[in-house]
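Please keep the sequence and the structure in view while reading.

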Amino acid sequence: MNKLARRSGGRAARVALRNAPLAEDLRPVRAGLTGGQYKPLSETDVLRIHAAALDALEQIGLSQAPPSGVDIMTGAGAILGDDGRIRFPRALVEDMLAKAARNITLHGRDPKYDLQLTGTNVHFGTAGAAVHVVDLETNTYRDSTAQDLHDAAKITHALDNVHFFQRAMVARDVTDNLELDLNTIYACTAGTTKHIGTSFSEPDHVAPGLDLLYRLAGGEDAFRARPFMSNSNCFVVPPMKFAEESCIAMEHCIRGGMPILLLSAGQAGATAPAPIALAIVQAVAECLAGVVYVNAMAPGHPAVFGTWPFVSDLRTGAMSGGSAEQALLTAGCAQMHRFYDLPGGAAAGISDAKLPDMQAGWEQGITNVLAGLSGLNMAYEAVGMHASLLGFCLESLVLGDDILGQVLRCVRGIDVTEDSTSIEAMKAVCLGGPGHYLGSEQTLKLMQTEYIYPTLGNRMSPKEWNEAGRPELIAQAIARKNKILAEAQIQFDPDFDAAIRADYNIYFK
């Protein structure tokens with residue numbers, strides 16, 4: 001056998017080994033890896049932000065709570081001022097923090113997708129309410145539809161490194177608001193059995209939405225035991241105002257057994273202060289008000305502390321979700337979540353680029369890696385989002401799976417053990433051995449468990465790339481998207497799906 005054949009055979013063996021499926025606990029990356037290595041705030045900084053947030057709640061408070069919310073919060077010890085603002089004594093905030101749920105599980109319909117929100121466990125997923133789809137066939141933006149939302153859910157279901165699916169776009173072909181909310185629920189659940197997040201456009205829609213969820217779960221008790229969908233709730237309108245209708249919807253969701261994402265989404269320099277630290281202060285204060293609200297109503301109800309401040313480009317006022325400042329804001333918020341020992345979520349992975357190009361790559365990579373290294377429990381909007389949340393791209397969702405694989409490998413870090421630092425392998429190679437580690441037992445053993453390989457990312461040499469027909473990344477992403485969609489099935493029995501479609505006006509196939 002000549003040297004070329006030996007090299008070819010060795011490479012074929014390595015490719016076969018790399019492509020063999022691994023047990024979940026042996027994969028180099030997976031949901032729930034432990035982050036927290038990166039801390040942009042010192043302990044003194046964290047305490048200063050905490051103190052300032054408590055000052056803001058005591059001295060400024062929040063306005064525009066619905067009457068039911070006023071009763072709930074004042075009944076627990078909040079103070080309604082003559083100016084209509086509710087203020088929160090420090091002792092009240094501390095009492096409610098003590099009652100708040102910790103170490104919660106966000107369930108999937110399939111238990112293998114359950115997300116354990118504890119410590120610095122890291123999970124990545126979608127989110128947002130994009131009103132356009134980025135169409136790479138024409139490089140244009142078009143209105144998003146229920147079918148697009150369902151397709152995004154199906155693609156997410158097939159991606160290893162996207163751990164949950166929160167509604168990523170608005171089904172603009174559904175003009176009736178109740179039908180919109182119901183189609184959103186079914187488009188998502190029919191596409192994936194991972195945990196799902198949704199929103200309600202009006203409080204009155206929560207009851208029919210819960211009826212549908214109970215039916216999908218096999219009954220109300222089954223849903224309450226394993227709530228596979230959470231309510232993403234913008235309960236505040238920054239700066240420091242409650243959103244009345246969203247608060248009422250939140251109350252309905254709590255009574256119905258849905259976990260809550262307490263979402264504060266101020267924009268630094270516009271609806272939040274320009275200093276990064278003070279933007280975090282405001283977001284923390286608003287979410288602490290949410291902690292009081294939820295736990296005064298239902299102590300220990302599962303809620304995600306959703307400090308979600310965004311960044312403005314101060315030259316124009318436009319949002320800059322892919323900026324370094326956004327990455328720092330998110331990482332700082334993750335530290336505050338850890339300070340309170342609360343399950344937390346924030347935004348990462350948003351791109352201001354209009355297409356999945358080099359700008360999108362650096363923006364998604366930088367913001368996601370800082371979110372992961374900071375130990376953020378739930379990184380929302382991590383994949384697919386373009387044009388500062390206005391456009392969602394299905395091919396970018398596919399490409400984002402590769403990005404998140406690399407991010408998660410950074411989160412996992414370096415395994416330093418007695419075996420991994422033993423020089424025996426070096427002795428075997430250097431003292432009378434072949435002089436290289438290719439094909440060694442140790443190398444082959446670690447190929448899949450220590451290293452991660454991109455699905456679409458190209459590591460060919462220029463010669464190999466040329467011989468392969470010069471494959472382009474976007475074309476490969478389109479092909480993978482189409483393959484996933486061609487093979488995907490609705491995640492319900494056909495008879496059950498037909499029954500749902502008989503009772504509801506479902507807009508997707």
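Which residues in α7 are buried? They are V206, G209, L210, L212, L213, Y214 and L216, where buried means under 20% relative accessible area, exposed means over 50% and partly exposed lies in between (1.4 Å probe, protein chains only).

The model is predicted: local features need pLDDT of at least 70, side-chain atom pairs count only at pLDDT 80 or more, and totals for chains, interfaces and linings use all residues. Residues are numbered from 1 along each chain as its sequence is written, and side-chain values use heavy atoms, with hydrogens and water left out.

**Helix α7**

Helix α7 covers residues 206-217, 12 residues in total. Helices (H or I, at least four residues) and strands (E, at least two) are DSSP runs, numbered from the N terminus. From first C-alpha to last, α7 reaches 16 Å, close to the 16 Å expected at 1.5 Å a residue; the expected span is 1.5 Å times one less than the number of residues. The buried residues of α7 pack against α6 (177-189), α8 (220-225), β11, α9 and α18 (494-503). Contact here means heavy atoms within 4.5 Å. Just after α7, G218 takes a positive phi of about 95 degrees.

**Backbone features in loops**

Most residues other than glycine have a negative phi, and most peptide bonds are trans. Two non-glycine residues with positive phi can be described here. E381 has a phi of about 65 degrees and is found in the loop between β18 (378-380) and β19 (385-386). E381 is buried, because its relative accessible area is 4%. L389 has a phi near 85 degrees and is found in the loop between β19 and β20 (391-392). With a relative accessible area of 16%, L389 is also buried.

A cis peptide bond joins P238 and P239, with omega about 5 degrees. P239 is found in the loop between β11 (229-233) and α9 (244-256).

S312 lies in strand β15 (residues 310-313). Its relative accessible area is 8%, so S312 counts as buried. The side chain of S312 makes a polar contact with the side chain of Q267 at 2.9 Å. A polar contact is a pair of N or O atoms within 3.5 Å; within protein, one must be able to donate a hydrogen and the other to accept it, and residues adjacent in sequence count only if both atoms are side-chain atoms. Leaving aside neighbours within four places in sequence, S312 is in contact with Q267, A268, G269, A270, G317, A318, M319 and S320.

A91 lies in helix α4 (residues 90-99). A91 is partly exposed, with a relative accessible area of 47%. A91 and F392 are 301 residues apart in sequence and 43 Å apart in space, C-alpha to C-alpha.

**Cavities and a pocket**

The structure holds two cavities of 30 Å³ or more. On a 1 Å grid over the protein atoms alone, a cavity is a set of points where a 1.4 Å probe fits but cannot get out, and a pocket is an open set with protein on both sides within 12 Å along at least five of seven lines; lining residues have an atom within 4 Å of a point. Grid points are joined across faces, edges and corners, and a volume is the space filled by probe spheres set on the points.

| Space | Volume | Lining by class |
|---|---|---|
| Largest cavity | about 90 Å³ | 10 nonpolar, three polar, no charged residues |
| Second largest cavity | about 40 Å³ | nine nonpolar, one polar, no charged residues |
| Second largest pocket | about 630 Å³ | eight nonpolar, six polar, six charged residues |

Ala, Val, Leu, Ile, Met, Phe, Trp, Tyr, Cys and Pro count as nonpolar, Asp, Glu, Lys and Arg as charged, and the others, Gly among them, as polar.

The largest cavity is lined by 13 residues, of which A100, V291, N295, A303 and L342 lie nearest its centre. The elements giving two or more residues to this lining are α10 (276-297) and β14 (303-307). The largest share, four residues, comes from α10.

Residues lining the second largest cavity include I104, S230, P259, A303 and Y380. Here β4 (104-106), β12 (260-264) and β14 each give two or more residues to the lining.

The second largest pocket has about 630 Å³ of space. Of its 20 lining residues, D419, S420, Q442, L446 and E450 are the closest to its centre. Two or more lining residues come from each of α14 (424-430) and α15 (441-446), and α15 gives the most, with five residues.
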